[in-house]
Amino acid sequence: MSETQIRTFPNLEELSRAAADRFATLAIECAGKGKIFSAALSGGKTPQTFLRLLARPEFSRRIPWENTHLFQVDERCVPPDHLQSNYRMIRESLLAAVPAAAANFHRLEAEQADRDAACEEYAAELGSTMVPAEAEAPRFDLIFLGMGPDGHTASLFPGSKAVAERSRWVCPNYVEKLQMHRLTLTYPVLNAASAVVFVVSGADKAEALRQVIAEPCNLDLYPAQGVQPGKGKVAWFVDAAAARLLDTAQRSAS
Ligand code: 6PG
């Protein structure tokens with residue numbers, strides 16, 4: 001069972017600052033040990049504040065970008081300049097402002113017609129960058145995850161096929177309720193991570209957060225509960241609005 005910590009913050013800005021600090025600290029630590037820093041970024045809206053902070057000189061000047069390899073947790077199957085593209089959000093929030101970060105960014109090419117081939121190509125890129133031990137999944141130093149009001153994370157949605165994937169590292173996933181195809185990292189990769197940070201903001205997430213933290217594990221209902229890195233730590237960085245249904249024993253003020 002991975003070690004889980006919940007940190008609550010007054011608002012998204014302070015939550016995002018803590019996430020940016022965690023990113024910078026780990027990136028610097030890895031560089032100090034002469035190893036690359038591998039991180040995976042989620043899409044959606046919440047990461048924008050965090051990524052914009054990383055682009056600011058107070059952070060971007062501290063981070064050894066030449067040593068930092070950024071990957072995507074998931075992507076919508078749309079062109080990279082599409083409004084719904086997670087890559088477009090990451091590019092606009094961070095990569096366009098920090099060319100050094102873009103230099104080692106590994107884009108998930110979800111616009112490809114052959115979605116299985118796109119997943120295999122990305123899995124190969126994960127393997128060649130992180131060189132996992134035989135029969136092991138690539139071990140990210142840090143994975144940032146979001147969570148939807150339905151308890152999904154990455155593109156692992158309740159009742160969707162990819163929730164059951166236990167061998168492929170990256171796979172396509174059709175999301176019925178959104179009528180959308182996506183590509184996503186799977187539990188084998190998420191659960192190989194050294195550190196996972198969930199970044200959750202907003203009152204609309206409060207009930208799902210309470211269920212994910214307090215209720216018995218049920219991946220068909222709450223896929224976020226399936227993120228339990230065997231040798232890694234899970235931290236929940238949540239704002240007060242998302243944490244409002246947690247009892248005091250479950251949360252520690254930041
Ligand atoms: C995506 C994300 C997804 C996201 C949650 C939360 O492609 O949408 O990877 O898992 O993290 O849906 O999204 P918000 O941050 O927009 O609430």
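**Cysteines and ligand shell: a reading tutorial**

Q: How many disulfides does a search of the whole structure find?

A: A disulfide is a pair of cysteine sulfur atoms within 2.5 Å. The search of the whole structure finds zero disulfides. C77 is in no disulfide, and its nearest cysteine sulfur, that of C119, is 7.7 Å away.

Q: On what basis are these values given?

A: The model is predicted: local features need pLDDT of at least 70, side-chain atom pairs count only at pLDDT 80 or more, and totals for chains, interfaces and linings use all residues. Residues are numbered from 1 along each chain as its sequence is written, and side-chain values use heavy atoms, with hydrogens and water left out.

Q: Is C30 buried or exposed?

A: Buried means under 20% relative accessible area, exposed over 50%, and partly exposed in between (1.4 Å probe, protein chains only). C30 has a relative accessible area of 7% and is therefore buried. C77, at 22% relative accessibility, counts as partly exposed.

Q: Which residues come nearest to the ligand?

A: A residue is near a molecule if one of its heavy atoms lies within 4 Å of it. Of the 15 residues around the ligand, K45, T46, H152, A154 and K205 come nearest.
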